[in-house]
Amino acid sequence: MMSLPRLNTILATCLITTLVLWIVIPFAMALMWSMVDPGTSWSYPDILPPALSFERWRIMWETSSLKTAMFNSYSLAPVAGMIAIILGAPTAYAFGRLTFPGKGIAQILMLTPIVLPGFVTAVFFASILVSLGFHSRYFAILLGHVVLFMPYAVRILSVSFSQVNNEVVNAARDLGASPFGVFRAAYWPAIKPGLFAAYLIVFILSIEEFALAFVIGSPTFTTVPTILYSYLGYDFIRPNAAVVAIVLVVPNVLLLIVLERLMQSANPANVSGKG
Amino acid sequence: MPDLDIRNVEMRFGGFCALSDVSLSVSSGKFITLLGPSGCGKTTLLNIIAGFLHPTQGSVLINGKGVTSLRPENRDTAMCFQSYALFPHLNVHDNVAFGPRQKRVARAETQSRVSTLLSQMGLDLHSTKLPNALSGGQQQRVALARALAVEPGLVLFDEPLSNLDAKLRDQVRSEIRSLQRELGFTAVYVTHDQAEALAMSDEVFLLNGGRIVQSGKPRDIYFKPKTRFVADFIGAANLHSGPINSGAMTTPFGPLSVDSPNLSMSTVCWRPESAALGGPLSGVVSSAAFQGSYLDVFLTKDGETIRLQISGDQHLEVGQTVSFGVPRDRVVIIEDTDTGQANA
Ligand SMILES: Nc1ncnc2c1ncn2[C@@H]1O[C@H](COP(=O)(O)OP(=O)(O)O)[C@@H](O)[C@H]1O
Ligand SMILES: [Mg+2]
């Protein structure tokens, strides 16, 4: 039999290898490509770029529509997150706290947008918006993101609502709390982490969403993912794509770390009060 | 302090009847227990008294005033929950101060109530801790202090000791009872533990399948059970069935004298500790366990087994034949109609 420390070493090695293959190498490649000096090209057989500079970053920032795209993306995402939460919370409350006939089916139907391919939704959604007379691309995409990502918010929030302890609600009422007092004492602590998590999920998904933003927005309305696509498609410029890719990925990774923290603190043990 | 009157309460959940025709009354300052097996409707009844549930029929009166449709926050009641239901994000002090603050009690008054209660419960040193950082017994005390901080006239306890270990349970049990005597509130105490019910209560209401099957003083419930279910549920009971002829019932162990001349088929019951060695009955010892203050003996004869608890200084061997007697006034005739529910 293999000794435990040895097994641990092997597992740790596997983990590190996987991390390197999946994350470190692509990220390092993107970083290097984004810093290839425009004057000196990087080609076979050089393993590392011969010269590094921030020239690409400067060019992209000053000449491309990256600035506008970032503004669009980062103004869409927070608003989409907010609206998804506000609209999703009542549904989540019903799923998490009430029993009603057809609840199971309703919950499954609610999740279907998640499994539909993005382009399918996007194409038909765009045609609906046009026939509804939606001419602002910004609002059309905003509405699209809210519809597409609300299921995630509802899903997370309904778990949060179901973790609200009935006896704690009753205790608050019993001790004379007003409806708002009950909300603050019994609901808010239990759903707060879920609210932030749901908000962040919608935020991240909105930042990364491509299909709908492309179908509705192109060619005039750009977001970070659609601009990235434009550097991968017809006029493929790898260093420029690398710059956009990093702009797209780094904030999301940071948000993901925050999200992970929130999910941990959403642990039911913290809200049950049972010992 | 208020008295409580429950009249013909029925509670249905869809097609399921959790309580039917429950009536009981508690006079001011008394300590009563709702006792019964799990699922018999104890919590449901408590929730109806507190106002979390509204009965499908019947009414609840506190101090003679109908409160059936009054919201929990407007009733003079406070509940101690089985899971404690402390606010996990509030520290001990703020948990206890929650009720007075919601009821807009003056700040100084709130402060003095909280500090009195915390010192009464031995929680002074923990007032800034979160509930998660406390032991089960401490959480239990915070829950009690929180309920008492609103100075309720009627305190409802839902199996408050069921999450504590045996030793702590005895201690907290007597603390609750002496607090109740000191503060004078009326108490409705729910438990499935018959020892707890017998030890604490002025009056016990025994529930089964959503009905009150017997109520009375602990002694009466214990020594004069009316049905087989009551006899079985409260303590250990020896039961015999058969006709009674000229004041005695024929059992495998011999003739058992009963305080009744002639009856056709009937069932009688007596408690293990009512028996004394020497008498007209006899059986073979199948086990004898020394329990310190008493000897727990099982006797068999013709395939039937009975239980005796006799003084601990006696010594019996397995296989030995023992004769014993049961005083006539300790043998009670019971109704034996609820056999089907006996194990519910
Ligand atoms: N909200 C409810 N909906 C349906 N059935 C319930 C509800 N609450 C309690 N019951 C049922 O009523 C019965 C009594 O429950 P409860 O009062 O909690 O019992 P106890 O506290 O005596 O263990 C149980 O069979 C339980 O399943
Ligand atoms: Mg219960």
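How much space lies in the second largest pocket? About 170 Å³, in what is a predicted model.

**View 1. The second largest pocket, in chain A.** Residues P113(A), I114(A), L116(A), P117(A), G118(A) and T121(A) line this pocket, along with L148(A), F149(A), Y152(A), L205(A), E208(A) and E209(A). Four helices of chain A put in at least two lining residues each: α4 (103–115), α5 (118–131), α6 (137–162) and α8 (179–208). Of these, α6(A) has the largest share, at 3 residues. Sorted by class, the lining comes out as 8 nonpolar, 2 polar and 2 charged residues.

**View 2. The largest pocket, in chain B.** Here the space comes to about 200 Å³. The class tally for the lining is 6 nonpolar, 3 polar and 2 charged.

**View 3. The largest nonpolar core and L34(B).** This core runs to 133 residues. Inside it, the residues with the most contacts are L4(B), L34(B), F157(B), I176(B) and V188(B). Even so, the largest share of the core comes from chain A, where α8(A) supplies 16 residues. Zoom in on L34(B) and, leaving aside residues up to four places away in sequence, you'll find it touching L24(B), K42(B), L45(B) and L46(B), the run V188(B), Y189(B), V190(B) and T191(B), and also F205(B) and L207(B).

**View 4. Strand β15(B) and its two antiparallel partners.** Strand β15 of chain B covers residues 276–290 and runs antiparallel to β18 (residues 321–325) of chain B, with 6 bridges joining the two. One spot to check is S282(B), which sits opposite S323(B) in β18(B). Strand β15(B) also pairs with β16 (residues 294–301) of chain B, again in the antiparallel sense and over 6 bridges. On that side, A288(B) has V297(B) as its bridge partner in β16(B). The hairpin of β15(B) and β16(B) leaves 3 residues between the strands, and G292(B) takes a positive phi near 90 degrees there.

Key:
Residues numbered from 1 in each chain as written. Chains lettered and ligands numbered in written order. Predicted model: local features only at pLDDT ≥ 70, side-chain atom pairs only at ≥ 80, totals over all residues. Heavy atoms only, no water. 1 Å grid on protein atoms, 1.4 Å probe; cavity = no way out; pocket = protein on both sides within 12 Å on 5 of 7 lines; lining within 4 Å. Points joined across faces, edges and corners; volume = space filled by probe spheres on them. Nonpolar A, V, L, I, M, F, W, Y, C, P; charged D, E, K, R; others polar. Core = buried A, V, L, I, M, F, W, Y, C linked by side-chain atoms within 4.5 Å. Buried < 20%, exposed > 50% of the residue type's maximum accessible area, 1.4 Å probe, protein only. Contact = heavy atoms within 4.5 Å. Pairing = 2+ DSSP bridges.
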